[in-house]
Amino acid sequence: MAPSNSSVSVSSTFYLTGIPGYEEFHHWISIPFCLIYIIGLTGNCSILHIVRTDPKLHEPMYYFLAMLSLTDMAMSLPAMVSLFRVLWSISREIQFNICVVQMFLIHTFSFTESSVLLAMALDRYVAICHPLRYATILTPKLIAKIGIAALLRSAIPLIPLLVRLAFFSFCRSHVLSHSYCLHQDIIRLACADIRFNVIYGMVVILMLWGMDSLGILITYVFILHSVLRIASREGRLKALNTCASHICAVLILYVPMIGLSIVHRFAKHSSPFVHIFMAHIYLMVPPVLNPIIYSVKTKQIRQGIFHLICPHKINSSAM
């Protein structure tokens, strides 16, 4: 008979999964993962440094970009720690309480990133549709409140889900599908009624990701309506070009996120490699590509990165 008291589940040890079928190559596989993570970390830290040190970038758009960089790093760091522990053969084991904390951080910051992207869409709306009131509407104080609200809005709804996990017993296999902990992965191992977690989890996803994506869509409808009223073709293209980076960031987050959700819910019996691949795409692509996209599409960020890489050339050319 499966143990039913909560102490069993709290003391449970789970086992993380690396790349199935390629265990003997884990050390070699860790090299590209490490390089990708370093690229993402370097890019996001560079953006944070540039926004902090350049007074010309102390504007709403760049504050939100810094918020996006922080969220990217916070979302990927917990998963990367356990991934490298597996790939470097340090340990596949993860204790239940650590797993819950990791799960909480990953889900919280993935929801927060969605909220930040909604805030960035509203920033573009104000900049394009109400340019004269841009600085007076989006004050630093309001931006700070938006950031705090996005974090709390993402964290608080997760608490009931994670609290219920403490009362589950896990009598089946303790092997997780990924190299880090996800709620939808761990509840499938529970020997308990998980209907609340499944239904409530879907409600949280619809209320957070669903409302954010709907808000972004509605915002861009208003932006497009305003842009089409601009008389000159150059003016319309210039206005739309300011949104290009943000649209790419939205796609980079939502496409892998939707793909991972589909794999978990409708392709449970597919190859484990598919689950692993989608899980790593979901957490590693946004932190790597967002800094690249914004540095390519945003002149001020691009100049700031050139200044970081070649400060002497920049200074000599200015003299």
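**Cavities and cysteines**

Reply: The second largest cavity in this predicted model has a volume of about 50 Å³.

Me: Which residues line the second largest cavity?

Reply: Its lining consists of M61, M120, D123, R124, T242, S245, H246 and Y294. Helices α4 (96-129) and α10 (233-266) each contribute at least two residues to the lining of this second largest cavity.

Me: And what is that lining like by class?

Reply: The lining of the second largest cavity has three nonpolar, three polar and two charged residues.

Me: What lines the largest cavity?

Reply: The residues around the largest cavity are I36, Y37, G40, L41, N44, M73, S76, M80, L283, M284, P287 and V288. By class, nine of them are nonpolar and three are polar, with no charged residues.

Me: Which helix gives the most to the lining of the largest cavity?

Reply: Helix α2 does, with five residues. At least two lining residues of the largest cavity come from each of α2 (26-53), α3 (60-87) and α11 (272-297).

Me: Changing topic: how many disulfides does the count come to?

Reply: The count comes to one disulfide. C99 and C181 form it, with their sulfur atoms 1.9 Å apart.

Me: Where do C99 and C181 lie?

Reply: C99 is in helix α4, while C181 is in the loop between α7 (159-165) and α8 (183-186), so the pair ties together parts that are 82 residues apart in sequence.

Me: Is the disulfide left-handed or right-handed?

Reply: The torsion about the S-S bond of C99 and C181 is about -120°, so the disulfide is left-handed.

Me: Are C99 and C181 buried or exposed?

Reply: C99 has 0% relative accessibility and therefore counts as buried. C181 also counts as buried, because its relative accessibility is 1%, under the 20% cut-off.

Me: Why is C34 too far from the closest cysteine sulfur for a bond?

Reply: The closest cysteine sulfur to that of C34 is in C45, at 14 Å, which is too far for a bond, because a disulfide requires the sulfur atoms to be within 2.5 Å. C34 counts as partly exposed, at 24% relative accessibility.

Me: What about C129, which is in no disulfide?

Reply: For C129, the nearest cysteine sulfur is that of C243, 8.9 Å away.

Key. Residues numbered from 1 in each chain as written. Predicted model: local features only at pLDDT ≥ 70, side-chain atom pairs only at ≥ 80, totals over all residues. Heavy atoms only, no water. 1 Å grid on protein atoms, 1.4 Å probe; cavity = no way out; pocket = protein on both sides within 12 Å on 5 of 7 lines; lining within 4 Å. Helix = DSSP H or I, 4+ residues; strand = E, 2+ residues; numbered from the N terminus. Nonpolar A, V, L, I, M, F, W, Y, C, P; charged D, E, K, R; others polar. Points joined across faces, edges and corners; volume = space filled by probe spheres on them. Buried < 20%, exposed > 50% of the residue type's maximum accessible area, 1.4 Å probe, protein only.
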